[in-house]
Amino acid sequence: MPTYNFKSIQVVPSGKDFIDIVLSKTQRGTPTVVHNGWSIQRIRQFYMRKVKFTAANWNERLSQILNEFPKVEDIHPFYSDLLNVLYDKDHYKLALGQLNTARNLMDRVAQDYIRLIKYGDSLYRCKELKRAALGRMCTLMKRQTASLAYLEQVRQHMSRLPSIDPNTRSLLLCGYPNVGKSSMMNKLTRAEVEVQPYAFTTKSLYVGHMDYRYLRWQVIDTPGILDRPLEERNTIEMQSITALAHLRAACIYMVDISEQCGYTIAQQATLFHSIKPLFSNKPILIVCNKTDCRSMDDLTAEETVLIDGMVSEAKKISGGAAMMEGSDTETEQVLMSMSTLNEEGVMAVKQSACDRLLNFRVDIKVQGKHINDVVNRVHVATPKSRDGVSRPPVIPAGVAEARAKRDAGIRKKTEKDMQEANGGAGVYSADLRKYYQLKDDSWKNDIMPELMDGHNIMDFVDPDIDARLAELEREEELLEAQHAKDMADAEDSDEEEMTEEQKTDLKSIRVRKKKIVMAHRLKKATANNKAILSNRNAAEGNLTAAMMKKSLGAMGIDTTAALTRARSESRGRKRERSLSKAKSEGGDVDMEDGEPKKRVHSSKSRSMSRGRSFSMVDPSEGRGLADINMRNKAIKMADKAQWKRNKMAKAGEADRVILTKMPKHLFSGKMNSTGSRDWR
C-alpha cells in the first residue's frame, strides 16, 4: 500500500476566513457578559480567559497545518524531489516556516498581554488590553495570507497526485512521446489513461495495478522525454526523470520502430544513451512497439545496429556498474517486440519484466546484511528411509472404486439428469422422501411419515375409526331430535293453558323481541359505518309522548296518567311577552311599576333569560349574601374573573399548564445593552 496519503490533508483557509473562524470560536466558547460591579480579580480572569482561549485556537489550527503537510527531509527521496519539481522546495519550506514563526509569535503575544491584564486596574483597561492582544494576533495572521493561499494550491495539487508506493514491485514505462506507453498501460492494468495521436498527451505520472504470480504490482506511466540537457527540460519531463532516478523498478524503454511518433530510431537511441545512468542497478527491457505497422525484419542495417547498441548497453547497466555475482546477463532476453493495437507480445513483455524484477529483488536480498539471519532460521528437512519395506499410500476401497468408475466413464446419475429425462424443468418434481433417514426404508413412502416417541403414528390408528364415528353421529342426531320434540310438547302444553287473548299477546311479544334482537345485531354490526340521521329519522327521536301512547296503547295499557305527569313536569322554553296572557294563566308578574330590570351581565349578546332565575329572586338563606344587589355584584365579579382564563384558553382555576416552556424569542441569542435578545 502507498506510504503517503496526501488526500487526507485538511483544507487551508484564507487569512480572512482564518480570523473569522478563530474569533467566532472564541465568542462561542467563552463567556460574553461582564459587569462593572464585579471584583477586579474576576474581571481580570474574564479577559485573561479570552486571550488564552484565542491563543490556544491559533496554536491548534496552525499546528494541524504544519503537521499534516509532509516535511521534505522526512519523506522518501522520490516524493521529496517530486515536490521540488512541482512546487519549488524552497518556496514550500518558506511558507511552512512563516506559519511556524507566526504560531510562536502569537504564543509570545498572548503571554505578554496576559501579564499586562494581571495588573489591569479597571474593566475598561482590561478590555482594551484584550482587544489589543486579539488585534495583534489578527494582524500577524493577515500577513500570512500569501503563504496560506500558496499552501492551499499545493494541497489541491497534492491531493490529485497518484498514490505511488516507492518500495513495492513496479514497472516503469518510459521513452519518447507518443510511442505507446499509455496504450500499454491500459492493456496491462484497468487504468484508463487518455490516448491521443499527438505528443505529450500524458502530462503527469499515472499509476495502475495488476496481479502476477499472486502478487500485487503497480505500473507507472511517465510523460514523454525529449533529448535535451537537464537544465532545459520542463516540469512534465522532470517528473519522468524523478521517477527513473528514485524508483527501484523494472524499466521498459519503448521504441517506436514505425517512426509514427515523429522521431526516428536514431533519435530514440540517442535519448536512451543520454539517460542510461538512470537505469543503473535496475532491470531494463528494450521493447520495440507498433510491429503491426512495421515488423522487425523490415528494419534497415543501420537501424538494426542502433537497436543492438541499445541492447548491449542495457545488458551492461542492468546489473550495475560492477556486475553482480551469479547474474547471467548474456542469456537474459533484453530485446522484445510487441503491438499494443492487436496485443501481440504484450503479455510476453509483462511476464519477462516481472520475472526479471523478481529475480533482481531476490539477488539484492541475498547480498544484503540480513540474509545470514534468515538462512540460520531456515532448515530444510530431508527424510531418510529407515528400512527397505515398501509403504505405499493407503487408499480406501470406496475412493478406489469411485476412481475406477470415473476412469471407466461411469458417472453418477444426478437430479439434473433425471429432470431432463422426465420432462425437464417445470414438469419434473424431485422426490425428497428418498433422502429420509428412517429406521426402516419401507416407511419412506408412507402417507403419514411423522414419528413420535420413536414410533410411527399410523401404528396406533384404530382401523374401525370410521364406523365408530358414524355411530356417534347417528346417536347425536337422535338426541337432538328427542330434545326438539320435548321442547315442542312443553310449548304446546303451556299454550293450551292460555286464553286466546294471552296467546295473541305472547305472539306479539315474541315478534317484538325478534325485532329488538335483529335491530341490536344490525346496530352492532354496522356501528362504525352507520350514517348520521336527523333527530326526526333517528331511533332516539321517536321516543316521544305520542310514540309512547301509540306503542303502549297497542298493548292495551292506559297511558293517560303517564302523559299527564309528563306534561306537568315539562318546562317550556318560550318566553311569553304578553302580560295579559300571563295574568290570565294565573302567573305573577312583578315589573316594579313597569320599570325594566337592570341588566346583570355585561355582555349585551347574552340573553336576559340566562340569569333570570338567579338574579331576579332573593338569595336563599345561608349563602352569605345580604340582598339581591350583593348577589348581582357577586355574579359580575365571577364573570370578570373568567375573562383572563378564557383569554388564555384555561380549563379552569386549577389549570396551570404552560404550553411553551421557553419561547425562542426570549431565550435565544445573546442579550444586548438594551436588555433584549437577538437570535437571528
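**Close-up views of a predicted model**

The side chain of Thr 30 lies 2.5 Å from the backbone oxygen of Thr 26, a polar contact (a pair of N or O atoms within 3.5 Å; within protein, one must be able to donate a hydrogen and the other to accept it, and residues adjacent in sequence count only if both atoms are side-chain atoms). This is a predicted model, in which local features need pLDDT of at least 70 and side-chain atom pairs count only at pLDDT 80 or more, while totals for chains, interfaces and linings use all residues. Residues are numbered from 1 along each chain as its sequence is written, and side-chain values use heavy atoms, with hydrogens and water left out.

**View 1. Thr 30 sits in the loop between α1 (15–29) and α2 (40–68).** Helices (H or I, at least four residues) and strands (E, at least two) are DSSP runs, numbered from the N terminus. The side chain of Thr 30 also makes a polar contact of 2.9 Å with the side chain of Lys 50. Beyond residues up to four places away in sequence, Thr 30 touches Arg 49, Lys 50 and Phe 53; contact means heavy atoms within 4.5 Å. Thr 30 counts as buried because its relative accessibility is 6%. Buried means under 20% relative accessible area, exposed over 50%, and partly exposed in between (1.4 Å probe, protein chains only).

**View 2. Gln 144 occupies the loop between α5 (123–142) and α6 (145–159).** Its relative accessible area is 10%, so Gln 144 is buried. Leaving aside neighbours within four places in sequence, Gln 144 contacts Gln 98, Leu 99 and Ala 102.

**View 3. Leu 151 belongs to the largest nonpolar core.** Such a core is a set of buried Ala, Val, Leu, Ile, Met, Phe, Trp, Tyr and Cys residues joined through side-chain atoms within 4.5 Å. Not counting residues up to four places away in sequence, Leu 151 touches Ile 65, Phe 69, Tyr 92, Ala 95, Leu 96 and Leu 99.

**View 4. His 246 is found in helix α8 (residues 235–246).** With a relative accessible area of 26%, His 246 is partly exposed. A polar contact of 2.4 Å joins its side chain to that of Asp 81. Not counting residues up to four places away in sequence, His 246 touches His 76, Pro 77, Phe 78, Asp 81 and Lys 282.

**View 5. Six strands form an open, mixed sheet in the order β2-β3-β1-β4-β5-β6.** Two strands pair if DSSP finds at least two bridges between them. β2 (206–212) and β6 are the edge strands, each pairing on one side only. Strands β1 (residues 170–175) and β3 (residues 215–221) run parallel, joined by four bridges. Ser 170 stands opposite Gln 218 in β3.

**View 6. Strand β5 (residues 284–289) is largely enclosed by the rest of the structure, because six of its six residues are buried.** Ile 284, Ile 286 and Cys 288 are buried on one side, and Leu 285, Val 287 and Asn 289 on the other. Six bridges join β5 to the parallel strand β4 (residues 250–256). Val 255 has Cys 288 as its bridge partner. Strand β6 (residues 335–337) pairs with β5 in the parallel sense over three bridges. Here Val 287 stands opposite Met 336.
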